[in-house]
Amino acid sequence: MTMQNAPHPDDERLSAYAGGDSDVLADSSLVAHVAACDRCRPLVDELSLLRDALAELPDLASSRPLRLIPPVWDATPATSPGSWLRRLTAPAMAAGIGLVLVGAVGIGASGAADLLSKAASFDAASQATASDREVGPVAGADSPSVAPTDMRGSAGPPSSVEPQTMGSGTPAKPRPTAEDNGRTDYETGNSSSEQPWLTLLIAGVGLFGISTALRFSLSPRAG
Amino acid sequence: MLPRDPARPASRTAPLPDEEAVIARAASGDRTAFTQLIEHYQSACYGLAWRLLGDPDQAADAAQDAFVHAYDAIAKYRGGLFRSWLLRITANASYDILRRAQRKPTTTLPDAEEGEAELPDRSAVDPEAEAGRSELYRYLDAALRLLPQDQRTALVMCDVYGMDYGEVAEATESALGTVKSRIHRGRLRLRELMAEHRELFLNERRLDR
C-alpha cells in the first residue's frame, strides 16, 4: 500500500520510532502512517535492524594488558579501618612540631628576659652598694643578714621579679646563705618563667612522637 | 511493525555467576574481588572506550581511569547491573579524555564531516578488530568511526551500550533534546554509510523480507 498524498514524518521521528521512543509510539497517526507507507515502513525496519546489530557489537580486548588497579590504590584498601586514623597523624605531627617550636622560642625569650632583668638588678645593686658604703643600710634592703659586700645577694629593684613567691609558693623556707642567695634567686626565677614553655615543648615532643609512631604502625604493608 | 527490543547477545560479557557476592566483597575492601570484577569486564570497558575515542592508547587510558573511579566508588554501589554501572563510569572517563583531546588540536580523532565520509574497504578496517568478529561487525565499527564525533558518542552510548537518553545527556553534559537529535541523525547517517553493504547486513541479520 502506498500513501501517495500523506506527508511523510520527519526521518528523525522515524528513527525515534525505530528506537522505541514512547512519545513517538504514542502518536497513533504516525504509527498508522508507518504501517501503511511503502517508503517509511522499510526505513523503520532497516533502522530497527541496524539498532539490533549495534546492540550486538561484541566487546573488545585491548592489545596491551590493562592495569586493573593502579599501584597507589593497590596499597591502600578503600575501607581500611585505620585509614582515617592514619590521615590524622600528619596534622598531629605538624601540631607537635609547632608546639616544640613555640616552646623553644618561649624558653629562649624568657631566658633572655631573665638575663636582662638580672643585668638590671646587678646595676641597681652596684649603685645600692656604693650608697651603703656612704650612708649605711637603707630601708628597702631585703634581708638584714645579707652581707654588704655581696652584690648579687642584695635585693633587686622594686620592679624586679620576686621568684620566691612565684615559684614554689613556700615562702617559709629557711633563708639561704648570702653566698647562695643570688644563685637561688636566679635559678628559681628562671625555671618558674620557663615552666609553661617547657610544658609546651614536652607536649609537642610527645605529640610528634605518638603521631609518628601511629603513622608508621598504620601504614599499609607492601603487596 | 513495532521496533524490537533485542536481548543482549552472547558475545557480550555475561555477569559472573556469583556476581552479587563478589561485588559485596569488593565493596568491603577486598581487592581480589574487585580485581576479579574488573578483569571480567575489562573488555566491555575497553570496547566502549575504543568506540568512543577511536584510539587504542586513549581507550586503554580511559578504561584504566574508569577502573580507578570504580574502585573509589564501589563502596557506594547500590545494586543494579554492575556492567551498566561500570560502563557509565567508563563513558564518563572516555568523555573526559575526549574533551581534553579537543583542547589539543594536535591529537586528532578519526572524525569525518558528514557527506565526506566513505566506508573504507575491508583492509582498512582497524586491525584491532578481533578475528572472530563477523564482517558485519567490522563494517559497523568502521562506519561508526566515520560519524561526526557528537553523533558517534551519543549513538555508541545509547544503541551499542544501552544507556538511556538521560544517562547519555549526563555523560556528555548535553541537553536531552540535543542527545535525542544526535542519536537519530547518527542512526540515519549510519544507515547511509552501510548502504553499500546492505546485502551483507541483511544476510547477516538473516532477514526474510
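User: Arg13(A): what is its relative accessibility, and what does that count as?
Analyst: Arg13(A) comes out at 35% relative accessibility, which counts as partly exposed. Bear in mind that this is a predicted model.

User: Which residue does Arg13(A) form a salt bridge with?
Analyst: The partner is Asp27(A), and the closest N and O atoms are 3.0 Å apart.

User: Is Asp27(A) buried or partly exposed?
Analyst: Partly exposed, with a relative accessible area of 24%.

User: How many salt bridges over all chains?
Analyst: A search of the whole structure gives 17. Another one of them joins the side chains of Asp38(A) and Arg41(A), at 3.3 Å from N to O. Asp38(A) has 33% relative accessibility and counts as partly exposed. Arg41(A) is also partly exposed, at 30%.

User: What about Glu46(A), which residue does it meet in a salt bridge?
Analyst: Glu46(A) pairs with Arg191(B), 3.6 Å from N to O. That pair crosses between chains, from helix 4 (residues 40-55) of chain A to helix 8 (residues 176-193) of chain B.

User: Buried or partly exposed, for Glu46(A) and for Arg191(B)?
Analyst: Glu46(A) counts as buried, because its relative accessibility is 10% and the cut-off for buried is under 20%. Arg191(B) is partly exposed, with a relative accessible area of 24%.

User: Which residues are linked with Arg51(A) in a network of salt bridges?
Analyst: Asp159(B) and Arg187(B) are in that network with Arg51(A).

User: Changing topic. Where does Gln42(B) lie?
Analyst: In helix 2 (residues 31-53) of chain B. Gln42(B) counts as partly exposed, at 23% relative accessibility.

User: What does Gln42(B) touch, not counting residues up to four places away in sequence?
Analyst: Leu66(A) and Leu68(A) from chain A, plus Phe67(B). The side chain of Gln42(B) also reaches the backbone oxygen of Glu39(B), at 3.5 Å. As for Ala63(B), it is 21 residues from Gln42(B) in sequence, and the C-alpha atoms are 7.4 Å apart in space.

User: Now the cores. How many residues has the largest nonpolar core?
Analyst: It has 35 residues, and the ones with the most contacts inside it are Leu37(B), Phe82(B), Trp85(B) and Leu86(B). Helix 1 (19-27), helix 2, helix 3 (56-73) and helix 4 (82-103) of chain B each supply at least two residues of this core. Helix 2 of chain B gives the largest share, ten residues.

User: Which residues is Leu37(B) in contact with, leaving aside its neighbours within four places in sequence?
Analyst: Leu37(B) contacts Leu16(B), Glu19(B), Val22(B), Ile23(B), Ala26(B), Ile74(B) and Phe82(B).

User: Which residues does the second, separate core include?
Analyst: Tyr137(B), Ala154(B), Val156(B) and Ala171(B) are included, in a core of 34 residues.

User: Last one, back to chain A. Which residues make the nonpolar surface patch of about 260 Å²?
Analyst: Ile97(A), Leu101(A) and Phe208(A). Phe208(A) is found in helix 8 (residues 178-218) of chain A.

How values were computed
Residues are numbered from 1 along each chain as its sequence is written. Chains are lettered from A and ligands numbered from 1 in the order in which they are written. This is a predicted model: local features need pLDDT of at least 70, side-chain atom pairs count only at pLDDT 80 or more; totals for chains, interfaces and linings use all residues. Side-chain values use heavy atoms; hydrogens and water are left out. Patches are made of residues with over 30% relative accessible area and no salt bridge: like charges are joined within 9 Å, nonpolar side chains (Val, Leu, Ile, Met, Phe, Trp, Tyr) within 5 Å. Accessible areas come from the Shrake-Rupley method with a 1.4 Å probe; for residues, only the protein chains shown count as cover. A salt bridge is a side-chain nitrogen of Lys or Arg within 4 Å of a carboxyl oxygen of Asp or Glu. Helices (H or I, at least four residues) and strands (E, at least two) are DSSP runs, numbered from the N terminus. Buried means under 20% relative accessible area, exposed over 50%, partly exposed in between (1.4 Å probe, protein chains only). Contact means heavy atoms within 4.5 Å. A polar contact is a pair of N or O atoms within 3.5 Å; within protein, one must be able to donate a hydrogen and the other to accept it, and residues adjacent in sequence count only if both atoms are side-chain atoms. A nonpolar core is a set of buried Ala, Val, Leu, Ile, Met, Phe, Trp, Tyr and Cys residues joined through side-chain atoms within 4.5 Å.
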